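Have the sequence and the 3D view open as you read.

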Amino acid sequence: MPELENPFQDTQMQQHRAQPCTLVIFGATGDLTHRKLIPALYNIAVSGDLPPQFKVVGFARREKTDEVFRAELCEANAKHSRQGHNEQMWGSFAQSIHYHRSEFEDVDGYRALAGLLDAFDKERGTVANRLFYLASAPEYFDQIMEQLRKAGLNNGIGDRWARVVCEKPFGKDLKTARHLNEVVNETFDEGDTYRIDHYLGKETAQNIMVLRFANSLFEPNWNSRYIDHVQITCAENLGMEGGRGGYYDTAGALRDMVQNHLFQLLTLVAMEPPTDLSADSVRDEKVKVIRALRRLTGPEAVGQNVVRAQYTAGSVDGVPRVGYRQEERVNPESRTECYVALRLFVDTWRWQGVPFYIRVGKQLPKKATEISVHFKKPPQVPFATSVMIPDSENTLVIRIQPDEGISLRILCKQPGQALFVQPVKMDFHYSNSFGKASPEAYERLLLDAMAGDATLFARRDEVENAWRFIDEIEKAWHESPSPPPMCEYPAGSWGPKAADEMLARDGREWRRL
Amino acid sequence: MRAALEDTLSILGQEVPLGRVDRELKKLWDSDEAKTRASLMNFAIYSEDAAALPRNNRLLEELTSEHACRAMLILFQPDGPAPRARAWINALCRPYEGKKIVCSEQLSFVLEGGNAAQVQNIVFAHLDSDLPLVVWWQGDLTSNFEERFYSEIDRLFIDSAEWTHPAAEFAMLEDACNGATSEFEVHDLSWTRSHFLRSALAGCFQDAVALRRLPHIAQIEITHAPGQKVAALLLAAWIAERLGLRLDDAAKEVRFSKRDGGSVSLVLAEGLAGCCVQRLALTGPDLRAEVAREPRCAFVRVCTSCDGHAREEMLPADVESEAELISSQLSRAHGTSIFIDMVPLLRRMLAKA
Ligand SMILES: NC(=O)c1ccc[n+]([C@@H]2O[C@H](COP(=O)([O-])OP(=O)(O)OC[C@H]3O[C@@H](n4cnc5c(N)ncnc54)[C@H](OP(=O)(O)O)[C@@H]3O)[C@@H](O)[C@H]2O)c1
């Protein structure tokens, strides 16, 4: 029998509505659940967007009761919730939270989980959809998938769906990513697999497509005829605080940030307009950009186009900082980069000859993620007699974080008798127009996963193609007999000299942030 | 009366000469660089009730904490002696993400005597350019609600529960919406207040069994607060439109007929004071879907029983304060015409009820 439409549904005016479901979080006593997932769910509940009869089941190995688990999450929520913490609202939301103790590798624990989910369905009087969130370290993905399969939890019951959300890191190279993909796809269809990249949940990242495709001002100029080059910077003013050196030293800036977040930003800037806004049309276009990246094969190509570096002792905001190799839980002889700058080319008709410069690093002077599009200079003929400021091209800046917004640098005549031309900034700040903070990335992403919209999640081919590109750089660094050097920069500076020289060779320089 | 008004005017901020509003605003911003001015729209409250001034002033403060705008408060006293207009400016500030201070600006105008054209002029002269104009027209839609004014509006808020002559005023609203130059979207707070009931009702029919029974309903029951009959009729009109029911013109009371010939009766009951619509139930053979809210309770109880199976749950009820209602509407995507499309049916129902 064809499914009937609920005639009252359209009162729920969001574009898409989260469907009724139970969310199971694997690794629910961890940091991610406390700092991000539960506050995100609570804030979704406050906005009235949680689906009816929603439940969360936390899965981890320590013994605890629902009450203890709720009390721990309550404390975390009070600390991290974006819209504050209201006891009454929390009390009502917390009723939906349950704890399930089991080891990841114990199939009986999953059978018991299946029993618990069935009991919830009985209580509801209807079968719910199921969303499994892997908030554990990736080495457990295999086990979790296998046990879910064995317990028959990977298939929705009747017309209900079962979906899986995977946290980053999704692999550490192409081989491990492929393996993870195979394991996940043996258990869930690709259409039911949601790979988180929280950068895509950020308001400004989503705004890139709107800016490009909803404003006739930009798109006609968005190509190699008018654009000189593009820069993407992701600067952090922190190092390895809170013991994060342990994980970071096994990954490095290229794997931790470039393969996922920065490539996502790059694809949004460089993609062709999708035919529609369906998840696959958008991701088809994004993956084409990654495939069109000019490969950097061998130490020579990598040496010319990629700069890697570690920070040495220095100071940030007046506070002394130790060098990377002196950080807690970092190998004193580490060969892991905490800064990387790349010079990339997207070999498509639109971007022929336009370099994309990307840099990401720790212990830089400030925290900022920004994209800047640098337009070509005009011929300047009518102003032959005027005095131009040298660095004076039009620049469109998209600030992803913090202080999200967009600014455009244009040229103006300075008041006075002579014709002095000055760059000025037209500046849009989200805060100045909207005056209220945007939802957290995890709120948006959780709602999308519940609504079945995968647009803001990475698809298998995106992930694998990105790793294929990254692997060649890692290979040149770690497997070649004459690898490109590991450079250094003092903590608190804007990175190694070699990165400035890479742009200087092209007659360009990094934008001042 | 006039003395009482005079006492409250000080809450509006700094009084400035009407012709110098822009210059004084500039001074206000130049004097404090730590503050950032934010604006996404012009939001004007139009009222003819002097007693509502303090409430409206508070409301703008609350609203601007969620929606940065150029806020305008217009108090028009048409019966004043000689025409006289006065203006005030104020900055409504709050911290943004714990770091900076973001402010909206509020302009307040009190107009005694004078006419609709003067009101329009004051509004038009002080709009933040290129930003949409949202107007909350409080109280009755009087003859001052003129085409020259509403043709400039992008979104109009009204509260039909406050109207003295709903039938006439809905007719006026419909004419205004159909005007050649008007393109505004209407939000009736009386309709917005029942949003949570509508969402909860939709929730009842997420259940496939209940959904299959829905075409067989025979009765719509609505309990409303005293004086809130129009809100109940609006809800009934919406249900009828959603289910494709037709108003039975031959019947004396409000009754609907189905496409297949059956009929659906409407039972309205007056409940206690408090929440405007308190209970809504759809009943039919082997189906009862009921959504109810106790007075002052933050939750709605939703019960669906069909085929001998009953399900009950609690959902958070919507906000109730006017500022929150408006804020929730401003946050939603616009462009829907559900409300205004219902007005013709509602007017026919009003003629019977
Ligand atoms: N934290 C963040 O902000 C963040 C941001 C982005 C991505 N991520 C990713 O998210 C994942 C989780 O990060 P996290 O920081 O939340 O990790 P974490 O704090 O180390 O938490 C690990 C969780 O896994 C559970 N666990 C470990 N071994 C288990 C086993 N054998 N059986 C059952 N449960 C087991 C632990 O339960 P017990 O407490 O019971 O031992 C705990 O709940 C990682 O992949 C990380 O890369 C984290």
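This is a predicted model: local features need pLDDT of at least 70, side-chain atom pairs count only at pLDDT 80 or more; totals for chains, interfaces and linings use all residues.

The shell around the ligand is made up of 9 nonpolar, 5 polar and 8 charged residues. As for bookkeeping, residues are numbered from 1 along each chain as its sequence is written, chains are lettered from A and ligands numbered from 1 in the order in which they are written, and side-chain values use heavy atoms, with hydrogens and water left out.

Which of the 22 residues around the ligand come nearest? They are T29(A), D31(A), R35(A), R61(A) and R62(A); a residue is near if one of its heavy atoms lies within 4 Å of the molecule. Helix α1 of chain A, residues 31-46, gives the most to the shell, with 3 residues. (Helices are DSSP runs of H or I with at least four residues, strands are E runs of at least two, and both are numbered from the N terminus.)

Now for some atom-level detail. T29(A) puts a polar side-chain atom 2.4 Å from an oxygen atom of the ligand. On its own the ligand has 900 Å² of accessible area, and the protein covers 78% of it (Shrake-Rupley method, 1.4 Å probe).

Next, follow α10(A), which packs against two other helices. Helix α9 (residues 253-270) and helix α10 (residues 279-291) of chain A have axes 9 Å apart and an angle of about 105 degrees, so they are roughly perpendicular to each other. Axes here are lines fitted to C-alpha atoms over the stretch in contact, and angles run from 0 to 180 degrees between N-to-C directions; 65 to 115 counts as roughly perpendicular and under 35 as roughly parallel. On the α9(A) side, the contact (heavy atoms within 4.5 Å) includes F263(A) and L268(A), and on the α10(A) side K286(A), V289(A) and I290(A).

With helix α14 (residues 460-478) of chain A, α10(A) makes an angle of about 10 degrees, axes 9 Å apart, so α10(A) and α14(A) are roughly parallel to each other. Their contact has 3 nonpolar, 1 polar and 5 charged residues.

Most residues other than glycine have a negative phi, and most peptide bonds are trans. The bond from K168(A) to P169(A), however, is cis, with P169(A) in the loop between β5 (162-166) and α6 (174-187) of chain A. Q401(A) and P402(A) are also joined by a cis bond, omega about -15 degrees. D317(A), not a glycine, has a positive phi of about 55 degrees.

Terms used:
A polar contact is a pair of N or O atoms within 3.5 Å; within protein, one must be able to donate a hydrogen and the other to accept it, and residues adjacent in sequence count only if both atoms are side-chain atoms. Ala, Val, Leu, Ile, Met, Phe, Trp, Tyr, Cys and Pro count as nonpolar, Asp, Glu, Lys and Arg as charged, and the others, Gly among them, as polar. Angles under 35 degrees count as roughly parallel, over 145 as roughly antiparallel, 65 to 115 as roughly perpendicular and the rest as oblique.
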